[in-house]
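Hi,

Here is the structure I promised to pass on.

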Amino acid sequence: PRWRQELLSGAPQLLSLRQQREDATVNAELEHSLLQLELRYQPFRVVEINPETVRGLWAGQLHELVFLGNQNRERGSIQQMKPILRNLINQSLDPP
């Protein structure tokens, strides 16, 4: 509850010590980690993508995978594009 209150009130920094077990067994070793959050201004833009554009990019990926037989996960059509948005859209495609 206090962590939430501090977060909602806009505290400039939050520090937390966490412990968790490496696996689900009772006798597993505890792992400790320190989490530090810092509030800062981070500008970003939100864009809307035309669904036809996404379907077109996916169709190109499927063509390359199915008809050209390129199974390399680091395909050139993904790696050589400078705009990262196309990369993210192509990576969200479920392979056939």
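Helix α2 buries Val-54, Leu-57, Gln-61, Glu-64 and Leu-65. Looking down the axis of α2, those buried residues stay within an arc of 95°, so they line one face of the helix. On the other side of α2 you'll find Glu-52 and Phe-67, both exposed. Before you go further, bear in mind that this is a predicted model, so every value here is computed from predicted coordinates.

I also checked the length of α2. It has 17 residues, and at 1.5 Å a residue they should span 24 Å; the C-alpha atoms at its ends are 23 Å apart, which agrees.

Which side chains meet in a salt bridge? They are Glu-52 and Arg-55, with an N to O distance of 2.6 Å. Searching the whole structure gives one salt bridge. Both Glu-52 and Arg-55 sit in α2, which covers residues 51–67, and they are three residues apart, about one turn of the helix. As a reminder, an α-helix has 3.6 residues a turn, so residues three or four places apart point the same way. Side chains of opposite charge can pair when their charged atoms come close. For Arg-55 the relative accessible area is 47%, so this residue counts as partly exposed.

Now the overall picture. The chain has four helices and two strands, and from the N terminus the order is α-β-β-α-α-α. How much of the chain is buried? Of its 96 residues, 16% count as buried. The accessible surface of the chain is about 8,800 Å², with 54% of that belonging to carbon and sulfur atoms. As for contacts with a separation of 6 or more, 33% of them join residues 24 or more positions apart.

Helix α1 is hardly covered: of its eight residues, the number buried is zero. One residue I looked at there is Glu-6, which belongs to α1 (residues 2–9). Glu-6 has a relative accessible area of 29%, which makes it partly exposed. Leaving out residues up to four places away in sequence, Glu-6 touches Ala-11 and Leu-14. After α1 comes Gly-10, with a positive phi near 80°.

That stretch turns up again from the other direction. Leu-39 lies in the loop between β2 and α2, and apart from neighbours within four places in sequence, Leu-39 is in contact with Gly-10, Ala-11 and Pro-12. Leu-39 and Ala-11 are 28 residues apart along the chain, yet their C-alpha atoms are separated by 7.2 Å. Is Leu-39 buried or exposed? Exposed, with a relative accessible area of 59%.

Then the strands. His-32 is in β2, which runs over residues 30–38. Setting aside neighbours within four places in sequence, His-32 makes contact with Arg-18 and Gln-19. His-32 and Gln-20 are twelve residues apart in sequence, and the C-alpha to C-alpha distance between them is 6.6 Å.

Leu-15, Leu-17 and Leu-34 make up a nonpolar patch on the surface, and together they have about 370 Å² of accessible area. Of these, Leu-17 belongs to β1 (residues 13–21). The relative accessibility of Leu-17 is 65%, so this residue counts as exposed, the cut-off being over 50%.

That's what I have so far.

Cheers

Definitions and conventions:
Residues numbered from 1 in each chain as written. Predicted model: local features only at pLDDT ≥ 70, side-chain atom pairs only at ≥ 80, totals over all residues. Heavy atoms only, no water. Patch = residues over 30% accessible without salt bridge, like charges linked within 9 Å, V, L, I, M, F, W, Y side chains within 5 Å. Areas by Shrake-Rupley, 256 points an atom, 1.4 Å probe, with all protein chains shown as cover. Salt bridge = Lys/Arg side-chain N within 4 Å of Asp/Glu carboxyl O. Buried < 20%, exposed > 50% of the residue type's maximum accessible area, 1.4 Å probe, protein only. Contact = heavy atoms within 4.5 Å. Expected span 1.5 Å × (residues − 1). Arc of directions from axis to C-beta.
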